[in-house]
Amino acid sequence: MTNVPTIIADENMPALELFSGLGEVRTVPGRPLPRAALTGAQVLLVRSVTRVDEALLAGTSVRFVGSATIGTDHVDLDYLARAGIRFAHAPGCNAMAVAEYVLQAVLAWALDNGRALQRLRVGLVGLGNVGRSVAGLLEAVGCTVVASDPPQVEAGAQTAVPLGTLEQVLACDVISLHVPLTTAGPHPTHHLLDAARLAALTPAQLLINTCRGPVIDNRALLARLEAGQGPVTVLDVWEQEPQVPPALLAAVWRGSPHIAGYSVEGKVRGTWMLYRALGQWLGVDASRAMPQQAPVRTWEAPVASMADLLALLRTAYRPEEDHRLLREAMGLPPEGGSRETWVPLTDVTRGTNFDQLRKTYRVRHETAGLRVTGAVAPVWQTVLSRLGVVVSQ
Ligand SMILES: NC(=O)c1ccc[n+]([C@@H]2O[C@H](COP(=O)([O-])OP(=O)(O)OC[C@H]3O[C@@H](n4cnc5c(N)ncnc54)[C@H](O)[C@@H]3O)[C@@H](O)[C@H]2O)c1
Ligand SMILES: O=C(O)[C@H](O)[C@H](O)COP(=O)(O)O
(Lines give C-alpha, C1' and ligand atoms only; values in the text may rest on other atoms or scores of the structure.)
(Ligands and ions follow the chains in the order given, each with its own letter.)
Protein backbone atom coordinates (compact mmCIF):
# COMPACT_ATOMS: atom_id res chain seq x y z
CA MET A 1 0.00 0.00 0.00
CA THR A 2 1.54 3.29 -1.10
CA ASN A 3 -0.79 5.93 0.37
CA VAL A 4 -1.19 6.55 4.10
CA PRO A 5 -4.14 4.35 5.06
CA THR A 6 -7.20 5.68 6.84
CA ILE A 7 -7.77 3.73 10.05
CA ILE A 8 -11.25 3.69 11.57
CA ALA A 9 -11.09 2.71 15.24
CA ASP A 10 -13.60 2.13 18.03
CA GLU A 11 -13.53 5.21 20.26
CA ASN A 12 -13.21 2.96 23.35
CA MET A 13 -9.83 1.61 22.26
CA PRO A 14 -6.96 2.97 24.37
CA ALA A 15 -3.42 3.77 23.16
CA LEU A 16 -4.45 4.59 19.60
CA GLU A 17 -1.47 6.94 19.42
CA LEU A 18 0.54 3.79 18.65
CA PHE A 19 -0.87 3.93 15.13
CA SER A 20 0.26 7.50 14.41
CA GLY A 21 3.11 6.28 12.17
CA LEU A 22 0.95 3.76 10.35
CA GLY A 23 -1.97 5.80 9.14
CA GLU A 24 -4.53 8.47 9.87
CA VAL A 25 -6.75 7.39 12.76
CA ARG A 26 -10.41 8.37 13.04
CA THR A 27 -12.50 7.19 15.98
CA VAL A 28 -16.15 6.15 15.84
CA PRO A 29 -18.69 4.61 18.23
CA GLY A 30 -18.57 0.81 18.15
CA ARG A 31 -22.24 0.04 18.84
CA PRO A 32 -23.70 0.84 16.39
CA LEU A 33 -20.76 1.55 14.10
CA PRO A 34 -21.94 3.94 11.38
CA ARG A 35 -21.26 2.28 8.00
CA ALA A 36 -20.80 5.69 6.41
CA ALA A 37 -17.71 6.16 8.58
CA LEU A 38 -15.95 3.46 6.56
CA THR A 39 -15.96 5.50 3.35
CA GLY A 40 -12.40 5.61 2.06
CA ALA A 41 -11.00 3.59 4.96
CA GLN A 42 -8.60 0.69 4.44
CA VAL A 43 -8.34 -0.43 8.07
CA LEU A 44 -11.03 -1.10 10.66
CA LEU A 45 -10.20 -1.66 14.35
CA VAL A 46 -13.07 -2.90 16.54
CA ARG A 47 -13.94 -4.32 19.92
CA SER A 48 -16.43 -7.08 20.67
CA VAL A 49 -19.50 -4.83 20.40
CA THR A 50 -19.27 -4.37 16.61
CA ARG A 51 -20.72 -7.01 14.33
CA VAL A 52 -18.24 -7.27 11.45
CA ASP A 53 -19.78 -8.96 8.43
CA GLU A 54 -20.73 -8.57 4.79
CA ALA A 55 -23.51 -6.11 5.67
CA LEU A 56 -20.92 -3.79 7.22
CA LEU A 57 -18.03 -4.25 4.81
CA ALA A 58 -19.37 -5.10 1.34
CA GLY A 59 -18.65 -2.28 -1.07
CA THR A 60 -16.14 -0.59 1.25
CA SER A 61 -12.38 -0.29 0.73
CA VAL A 62 -11.54 -1.97 4.07
CA ARG A 63 -8.75 -4.56 3.56
CA PHE A 64 -7.65 -5.14 7.15
CA VAL A 65 -9.84 -5.75 10.19
CA GLY A 66 -8.38 -5.94 13.69
CA SER A 67 -10.31 -6.81 16.84
CA ALA A 68 -8.63 -5.91 20.13
CA THR A 69 -10.25 -8.91 21.78
CA ILE A 70 -9.70 -12.54 22.55
CA GLY A 71 -13.17 -13.59 21.34
CA THR A 72 -14.03 -13.47 17.62
CA ASP A 73 -17.71 -14.44 17.64
CA HIS A 74 -18.68 -10.91 16.53
CA VAL A 75 -16.67 -11.31 13.32
CA ASP A 76 -17.76 -13.31 10.26
CA LEU A 77 -14.36 -14.85 9.63
CA ASP A 78 -15.62 -16.85 6.63
CA TYR A 79 -16.79 -13.68 4.92
CA LEU A 80 -13.47 -11.93 5.58
CA ALA A 81 -11.59 -14.90 4.13
CA ARG A 82 -13.84 -14.99 1.05
CA ALA A 83 -13.45 -11.24 0.57
CA GLY A 84 -9.66 -11.41 0.96
CA ILE A 85 -9.72 -9.12 3.99
CA ARG A 86 -6.89 -9.70 6.45
CA PHE A 87 -7.97 -10.32 10.04
CA ALA A 88 -6.02 -10.03 13.30
CA HIS A 89 -7.13 -10.25 16.91
CA ALA A 90 -5.45 -10.31 20.32
CA PRO A 91 -5.29 -13.83 21.80
CA GLY A 92 -4.34 -13.78 25.46
CA CYS A 93 -4.31 -9.96 25.75
CA ASN A 94 -6.54 -9.82 28.82
CA ALA A 95 -6.26 -13.41 30.12
CA MET A 96 -4.65 -12.34 33.42
CA ALA A 97 -7.33 -9.71 34.06
CA VAL A 98 -9.99 -12.40 33.73
CA ALA A 99 -7.98 -14.81 35.88
CA GLU A 100 -7.73 -12.21 38.67
CA TYR A 101 -11.49 -11.61 38.43
CA VAL A 102 -12.12 -15.36 38.82
CA LEU A 103 -9.58 -15.73 41.64
CA GLN A 104 -11.27 -12.96 43.63
CA ALA A 105 -14.70 -14.56 43.16
CA VAL A 106 -13.42 -17.94 44.36
CA LEU A 107 -11.60 -16.48 47.39
CA ALA A 108 -14.57 -14.34 48.46
CA TRP A 109 -17.03 -17.23 48.05
CA ALA A 110 -14.74 -19.63 49.94
CA LEU A 111 -14.29 -17.13 52.78
CA ASP A 112 -18.02 -16.38 53.01
CA ASN A 113 -18.88 -20.08 53.08
CA GLY A 114 -16.08 -21.38 55.27
CA ARG A 115 -14.63 -23.51 52.44
CA ALA A 116 -10.96 -24.51 52.61
CA LEU A 117 -9.18 -23.84 49.32
CA GLN A 118 -7.19 -27.05 49.67
CA ARG A 119 -10.43 -29.04 49.57
CA LEU A 120 -11.97 -27.22 46.62
CA ARG A 121 -12.30 -28.95 43.27
CA VAL A 122 -12.41 -26.45 40.43
CA GLY A 123 -13.72 -27.42 36.99
CA LEU A 124 -12.81 -25.30 33.97
CA VAL A 125 -14.70 -25.51 30.71
CA GLY A 126 -12.07 -24.55 28.13
CA LEU A 127 -8.35 -24.65 28.78
CA GLY A 128 -7.01 -21.98 26.44
CA ASN A 129 -5.22 -18.75 27.36
CA VAL A 130 -7.75 -17.73 30.00
CA GLY A 131 -8.41 -21.24 31.33
CA ARG A 132 -4.67 -21.85 31.78
CA SER A 133 -4.20 -18.52 33.59
CA VAL A 134 -7.12 -19.27 35.90
CA ALA A 135 -5.79 -22.78 36.56
CA GLY A 136 -2.33 -21.41 37.35
CA LEU A 137 -3.70 -19.09 40.04
CA LEU A 138 -6.19 -21.53 41.56
CA GLU A 139 -3.71 -24.41 41.71
CA ALA A 140 -1.27 -22.05 43.38
CA VAL A 141 -3.72 -21.36 46.21
CA GLY A 142 -4.24 -25.09 46.74
CA CYS A 143 -7.33 -25.96 44.69
CA THR A 144 -7.51 -29.14 42.61
CA VAL A 145 -8.23 -28.20 39.02
CA VAL A 146 -9.67 -30.31 36.19
CA ALA A 147 -10.70 -29.04 32.76
CA SER A 148 -12.89 -30.12 29.89
CA ASP A 149 -11.59 -29.26 26.43
CA PRO A 150 -12.61 -31.77 23.73
CA PRO A 151 -10.79 -29.96 20.88
CA GLN A 152 -7.53 -30.25 22.82
CA VAL A 153 -8.22 -33.89 23.70
CA GLU A 154 -8.79 -34.67 20.02
CA ALA A 155 -5.60 -32.81 19.07
CA GLY A 156 -3.66 -34.94 21.58
CA ALA A 157 -2.51 -31.83 23.45
CA GLN A 158 -0.27 -32.32 26.46
CA THR A 159 -1.68 -30.11 29.21
CA ALA A 160 -0.40 -29.33 32.69
CA VAL A 161 -3.99 -29.42 33.96
CA PRO A 162 -5.71 -32.83 33.79
CA LEU A 163 -8.43 -33.04 31.15
CA GLY A 164 -11.73 -34.72 32.03
CA THR A 165 -15.27 -34.88 30.75
CA LEU A 166 -17.77 -32.03 30.95
CA GLU A 167 -19.73 -34.07 33.48
CA GLN A 168 -16.65 -34.35 35.73
CA VAL A 169 -16.15 -30.60 35.48
CA LEU A 170 -19.78 -29.83 36.27
CA ALA A 171 -19.57 -31.97 39.40
CA CYS A 172 -16.84 -29.73 40.90
CA ASP A 173 -17.36 -27.24 43.74
CA VAL A 174 -16.46 -24.34 41.45
CA ILE A 175 -17.18 -24.23 37.71
CA SER A 176 -15.68 -21.51 35.53
CA LEU A 177 -16.41 -21.13 31.80
CA HIS A 178 -13.65 -20.19 29.34
CA VAL A 179 -14.77 -21.26 25.88
CA PRO A 180 -15.33 -19.28 22.69
CA LEU A 181 -18.96 -18.86 21.63
CA THR A 182 -19.55 -21.24 18.72
CA THR A 183 -22.75 -22.46 17.09
CA ALA A 184 -21.27 -24.95 14.61
CA GLY A 185 -18.49 -27.51 14.43
CA PRO A 186 -18.06 -30.69 16.45
CA HIS A 187 -18.15 -28.99 19.87
CA PRO A 188 -20.51 -26.00 19.75
CA THR A 189 -20.71 -24.01 22.96
CA HIS A 190 -24.01 -22.17 22.47
CA HIS A 191 -26.18 -23.22 25.47
CA LEU A 192 -23.51 -25.71 26.52
CA LEU A 193 -25.05 -25.26 29.96
CA ASP A 194 -28.63 -25.95 28.98
CA ALA A 195 -31.62 -26.62 31.22
CA ALA A 196 -30.68 -30.27 31.78
CA ARG A 197 -27.08 -29.53 32.79
CA LEU A 198 -28.12 -26.59 34.94
CA ALA A 199 -30.64 -28.81 36.73
CA ALA A 200 -27.76 -30.96 37.96
CA LEU A 201 -26.05 -27.99 39.68
CA THR A 202 -26.79 -27.15 43.31
CA PRO A 203 -26.60 -24.12 45.64
CA ALA A 204 -23.46 -25.66 47.16
CA GLN A 205 -21.58 -24.91 43.91
CA LEU A 206 -20.15 -21.69 42.50
CA LEU A 207 -20.70 -21.04 38.78
CA ILE A 208 -18.71 -18.28 37.06
CA ASN A 209 -19.23 -17.15 33.47
CA THR A 210 -16.71 -14.72 32.03
CA CYS A 211 -16.65 -16.06 28.47
CA ARG A 212 -19.80 -15.30 26.46
CA GLY A 213 -23.39 -14.99 27.71
CA PRO A 214 -25.05 -17.48 25.34
CA VAL A 215 -22.84 -20.33 26.60
CA ILE A 216 -25.43 -20.56 29.41
CA ASP A 217 -29.16 -20.75 28.71
CA ASN A 218 -30.00 -17.62 30.75
CA ARG A 219 -33.73 -18.32 30.98
CA ALA A 220 -33.11 -21.79 32.35
CA LEU A 221 -30.55 -20.39 34.79
CA LEU A 222 -33.01 -17.77 36.02
CA ALA A 223 -35.68 -20.43 36.56
CA ARG A 224 -33.25 -22.47 38.71
CA LEU A 225 -32.11 -19.43 40.68
CA GLU A 226 -35.65 -18.20 41.31
CA ALA A 227 -36.57 -21.67 42.54
CA GLY A 228 -33.68 -21.45 45.00
CA GLN A 229 -32.01 -24.45 43.36
CA GLY A 230 -29.30 -22.90 41.24
CA PRO A 231 -25.61 -22.52 41.99
CA VAL A 232 -24.21 -19.35 43.51
CA THR A 233 -23.65 -17.45 40.27
CA VAL A 234 -21.22 -14.85 38.99
CA LEU A 235 -22.05 -13.43 35.55
CA ASP A 236 -19.81 -11.00 33.71
CA VAL A 237 -21.45 -11.79 30.37
CA TRP A 238 -25.13 -11.96 29.41
CA GLU A 239 -27.05 -13.72 26.72
CA GLN A 240 -28.58 -10.59 25.09
CA GLU A 241 -25.94 -7.91 25.70
CA PRO A 242 -26.30 -5.00 26.07
CA GLN A 243 -29.53 -6.19 27.70
CA VAL A 244 -29.28 -7.52 31.25
CA PRO A 245 -32.60 -8.92 32.51
CA PRO A 246 -33.17 -7.25 35.90
CA ALA A 247 -34.60 -10.48 37.32
CA LEU A 248 -31.46 -12.41 36.43
CA LEU A 249 -29.21 -9.68 37.79
CA ALA A 250 -31.23 -9.69 41.02
CA ALA A 251 -30.81 -13.47 41.30
CA VAL A 252 -27.04 -13.70 40.81
CA TRP A 253 -24.50 -13.29 43.59
CA ARG A 254 -22.39 -10.93 41.49
CA GLY A 255 -22.94 -9.35 38.10
CA SER A 256 -20.76 -7.08 36.00
CA PRO A 257 -21.05 -5.44 32.56
CA HIS A 258 -18.62 -7.61 30.54
CA ILE A 259 -15.54 -6.11 32.13
CA ALA A 260 -13.68 -9.16 33.47
CA GLY A 261 -10.91 -8.42 30.98
CA TYR A 262 -10.99 -4.65 31.47
CA SER A 263 -7.64 -4.06 33.09
CA VAL A 264 -5.70 -1.15 31.64
CA GLU A 265 -2.97 -3.61 30.72
CA GLY A 266 -5.39 -6.02 29.02
CA LYS A 267 -6.92 -3.30 26.90
CA VAL A 268 -3.64 -1.63 25.98
CA ARG A 269 -2.08 -5.00 25.15
CA GLY A 270 -5.01 -5.69 22.80
CA THR A 271 -4.39 -2.42 20.91
CA TRP A 272 -0.64 -3.04 20.86
CA MET A 273 -1.09 -6.52 19.36
CA LEU A 274 -3.18 -5.01 16.55
CA TYR A 275 -0.54 -2.33 15.99
CA ARG A 276 2.08 -5.07 15.54
CA ALA A 277 -0.17 -7.05 13.20
CA LEU A 278 -1.07 -4.02 11.09
CA GLY A 279 2.58 -2.97 10.81
CA GLN A 280 3.48 -6.44 9.61
CA TRP A 281 0.64 -6.44 7.07
CA LEU A 282 1.64 -3.00 5.78
CA GLY A 283 5.32 -4.05 5.73
CA VAL A 284 6.37 -1.05 7.84
CA ASP A 285 8.16 -0.68 11.14
CA ALA A 286 5.90 -1.27 14.15
CA SER A 287 8.48 -1.75 16.88
CA ARG A 288 7.12 0.65 19.49
CA ALA A 289 7.00 -0.93 22.93
CA MET A 290 3.71 -1.57 24.63
CA PRO A 291 2.92 1.54 26.68
CA GLN A 292 3.49 0.81 30.36
CA GLN A 293 1.01 2.51 32.61
CA ALA A 294 0.88 0.83 36.02
CA PRO A 295 1.87 3.21 38.85
CA VAL A 296 4.16 2.13 41.70
CA ARG A 297 2.02 0.38 44.33
CA THR A 298 3.06 -1.04 47.68
CA TRP A 299 1.35 -3.45 50.09
CA GLU A 300 2.95 -2.99 53.50
CA ALA A 301 0.93 -5.54 55.51
CA PRO A 302 1.63 -9.26 55.93
CA VAL A 303 0.09 -11.84 53.63
CA ALA A 304 -0.64 -14.58 56.14
CA SER A 305 -4.22 -15.69 55.53
CA MET A 306 -6.70 -16.10 52.70
CA ALA A 307 -8.36 -12.90 53.89
CA ASP A 308 -5.02 -11.07 53.58
CA LEU A 309 -4.59 -12.32 50.03
CA LEU A 310 -8.09 -11.19 49.12
CA ALA A 311 -7.49 -7.78 50.72
CA LEU A 312 -4.30 -7.42 48.68
CA LEU A 313 -6.15 -8.25 45.43
CA ARG A 314 -8.90 -5.81 46.35
CA THR A 315 -6.44 -2.92 46.29
CA ALA A 316 -6.55 -3.35 42.51
CA TYR A 317 -10.18 -4.25 42.02
CA ARG A 318 -13.42 -4.37 44.06
CA PRO A 319 -15.96 -6.54 42.20
CA GLU A 320 -18.92 -5.54 44.36
CA GLU A 321 -18.53 -1.99 43.05
CA ASP A 322 -19.20 -3.25 39.50
CA HIS A 323 -22.16 -5.23 40.84
CA ARG A 324 -23.59 -2.16 42.57
CA LEU A 325 -23.17 0.05 39.49
CA LEU A 326 -24.74 -2.54 37.19
CA ARG A 327 -27.74 -2.92 39.51
CA GLU A 328 -28.19 0.83 39.55
CA ALA A 329 -27.88 1.03 35.76
CA MET A 330 -30.56 -1.64 35.32
CA GLY A 331 -32.99 0.06 37.72
CA LEU A 332 -32.44 -2.22 40.72
CA PRO A 333 -32.17 -0.81 44.25
CA PRO A 334 -29.18 -1.59 46.45
CA GLU A 335 -28.99 -5.26 47.48
CA GLY A 336 -32.05 -6.53 49.31
CA GLY A 337 -34.72 -4.09 48.02
CA SER A 338 -38.07 -5.61 47.01
CA ARG A 339 -39.31 -6.04 43.44
CA GLU A 340 -41.74 -3.14 43.89
CA THR A 341 -38.78 -0.79 44.18
CA TRP A 342 -37.32 -1.74 40.79
CA VAL A 343 -37.33 1.19 38.35
CA PRO A 344 -38.96 0.10 35.07
CA LEU A 345 -36.43 1.19 32.46
CA THR A 346 -36.89 0.68 28.75
CA ASP A 347 -34.66 -1.79 26.87
CA VAL A 348 -33.09 1.18 25.09
CA THR A 349 -32.18 2.86 28.37
CA ARG A 350 -30.82 -0.35 29.89
CA GLY A 351 -28.74 -1.01 26.76
CA THR A 352 -27.39 2.54 26.76
CA ASN A 353 -26.60 2.30 30.48
CA PHE A 354 -24.74 -0.99 29.98
CA ASP A 355 -22.57 0.45 27.23
CA GLN A 356 -22.02 3.64 29.23
CA LEU A 357 -20.70 1.65 32.21
CA ARG A 358 -18.18 -0.02 29.92
CA LYS A 359 -17.24 3.20 28.14
CA THR A 360 -16.59 5.05 31.39
CA TYR A 361 -15.01 2.08 33.19
CA ARG A 362 -12.55 3.17 35.83
CA VAL A 363 -8.81 2.69 35.68
CA ARG A 364 -8.11 -0.82 36.94
CA HIS A 365 -4.59 -2.20 36.94
CA GLU A 366 -3.58 -5.84 37.14
CA THR A 367 -1.79 -6.88 40.31
CA ALA A 368 1.54 -7.41 38.50
CA GLY A 369 4.22 -5.06 39.76
CA LEU A 370 2.67 -4.58 43.19
CA ARG A 371 5.47 -4.52 45.79
CA VAL A 372 4.81 -6.40 49.03
CA THR A 373 6.94 -5.41 52.01
CA GLY A 374 5.12 -7.36 54.72
CA ALA A 375 5.87 -10.99 55.63
CA VAL A 376 4.44 -13.55 53.19
CA ALA A 377 3.45 -16.99 54.46
CA PRO A 378 5.01 -19.79 52.34
CA VAL A 379 1.55 -21.02 51.29
CA TRP A 380 0.89 -17.80 49.31
CA GLN A 381 4.31 -17.33 47.73
CA THR A 382 3.53 -19.20 44.52
CA VAL A 383 0.30 -17.36 43.80
CA LEU A 384 1.96 -13.98 44.45
CA SER A 385 4.75 -14.92 42.09
CA ARG A 386 2.24 -15.99 39.40
CA LEU A 387 0.40 -12.69 39.86
CA GLY A 388 3.67 -10.87 39.20
CA VAL A 389 3.87 -9.43 42.73
CA VAL A 390 7.34 -8.35 43.86
CA VAL A 391 8.05 -9.51 47.41
CA SER A 392 10.76 -7.47 49.12
CA GLN A 393 10.98 -7.96 52.88
N1 LIG B 1 -15.36 -11.26 29.84
C2 LIG B 1 -14.28 -10.86 29.25
O3 LIG B 1 -13.88 -9.72 29.39
C4 LIG B 1 -13.48 -11.81 28.41
C5 LIG B 1 -12.10 -11.61 28.29
C6 LIG B 1 -11.36 -12.52 27.56
C7 LIG B 1 -11.97 -13.58 26.92
N8 LIG B 1 -13.31 -13.74 27.01
C9 LIG B 1 -13.96 -14.90 26.35
O10 LIG B 1 -13.33 -16.08 26.82
C11 LIG B 1 -13.14 -16.96 25.73
C12 LIG B 1 -11.95 -17.84 26.02
O13 LIG B 1 -10.77 -17.09 25.98
P14 LIG B 1 -9.35 -17.77 25.75
O15 LIG B 1 -8.36 -16.71 25.62
O16 LIG B 1 -9.10 -18.80 26.77
O17 LIG B 1 -9.57 -18.44 24.35
P18 LIG B 1 -8.68 -19.59 23.72
O19 LIG B 1 -9.04 -19.64 22.28
O20 LIG B 1 -7.26 -19.42 24.08
O21 LIG B 1 -9.19 -20.93 24.45
C22 LIG B 1 -10.49 -21.44 24.30
C23 LIG B 1 -10.41 -22.93 24.63
O24 LIG B 1 -11.73 -23.46 24.60
C25 LIG B 1 -11.66 -24.75 24.02
N26 LIG B 1 -12.97 -25.17 23.56
C27 LIG B 1 -13.60 -24.90 22.40
N28 LIG B 1 -14.82 -25.50 22.38
C29 LIG B 1 -14.95 -26.15 23.55
C30 LIG B 1 -15.99 -26.94 24.14
N31 LIG B 1 -17.14 -27.19 23.50
N32 LIG B 1 -15.79 -27.44 25.39
C33 LIG B 1 -14.63 -27.20 26.06
N34 LIG B 1 -13.61 -26.50 25.54
C35 LIG B 1 -13.78 -25.96 24.31
C36 LIG B 1 -10.62 -24.60 22.92
O37 LIG B 1 -10.10 -25.87 22.51
C38 LIG B 1 -9.59 -23.73 23.61
O39 LIG B 1 -8.61 -24.50 24.27
C40 LIG B 1 -12.95 -16.05 24.52
O41 LIG B 1 -13.34 -16.69 23.33
C42 LIG B 1 -13.83 -14.88 24.83
O43 LIG B 1 -15.10 -15.09 24.26
C44 LIG B 1 -14.08 -12.88 27.74
O1 LIG C 1 -12.99 -11.29 24.03
C2 LIG C 1 -12.51 -10.44 24.75
O3 LIG C 1 -11.28 -10.18 24.72
C4 LIG C 1 -13.39 -9.63 25.68
O5 LIG C 1 -14.61 -10.22 25.83
C6 LIG C 1 -13.57 -8.26 25.15
O7 LIG C 1 -12.38 -7.64 24.98
C8 LIG C 1 -14.50 -7.41 25.97
O9 LIG C 1 -14.32 -6.05 25.76
P10 LIG C 1 -14.79 -5.22 24.50
O11 LIG C 1 -14.07 -5.73 23.32
O12 LIG C 1 -16.26 -5.44 24.29
O13 LIG C 1 -14.46 -3.82 24.83
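E241 sits in the loop between β10 (232-235) and α9 (246-251); helices (H or I, at least four residues) and strands (E, at least two) are DSSP runs, numbered from the N terminus. The model is predicted: local features need pLDDT of at least 70, side-chain atom pairs count only at pLDDT 80 or more, and totals for chains, interfaces and linings use all residues. Residues are numbered from 1 along each chain as its sequence is written, and side-chain values use heavy atoms, without hydrogens and water.

**E241**
- E241 counts as partly exposed because its relative accessibility is 22% (buried is under 20%, exposed over 50%, partly exposed in between, with a 1.4 Å probe and protein chains only).
- Apart from neighbours within four places in sequence, E241 is in contact with R31, D236, H258 and F354 (contact means heavy atoms within 4.5 Å).
- A polar atom of the E241 side chain lies 2.9 Å from the backbone nitrogen of W238.

**Annotated site**
- An unreviewed UniProt entry marks R212, E241 and H258 as "active site"; such annotations may be inferred rather than shown by experiment.
- They span 47 residues in sequence, yet no two of their C-alpha atoms are more than 9.6 Å apart, so they gather at one spot.

**H258**
- H258 lies in the loop between β11 (254-255) and α10.
- With 12% relative accessibility, H258 counts as buried.
- The residues H258 touches, not counting those up to four places away in sequence, include S48, V237 and R358.

**G270**
- G270 belongs to helix α10 (residues 264-282) and, at 0% relative accessibility, counts as buried.
- G270 and I70 are 200 residues apart in sequence but 8.3 Å apart in space, C-alpha to C-alpha.

Conventions. Chains are lettered from A and ligands numbered from 1 in the order in which they are written. A polar contact is a pair of N or O atoms within 3.5 Å; within protein, one must be able to donate a hydrogen and the other to accept it, and residues adjacent in sequence count only if both atoms are side-chain atoms.
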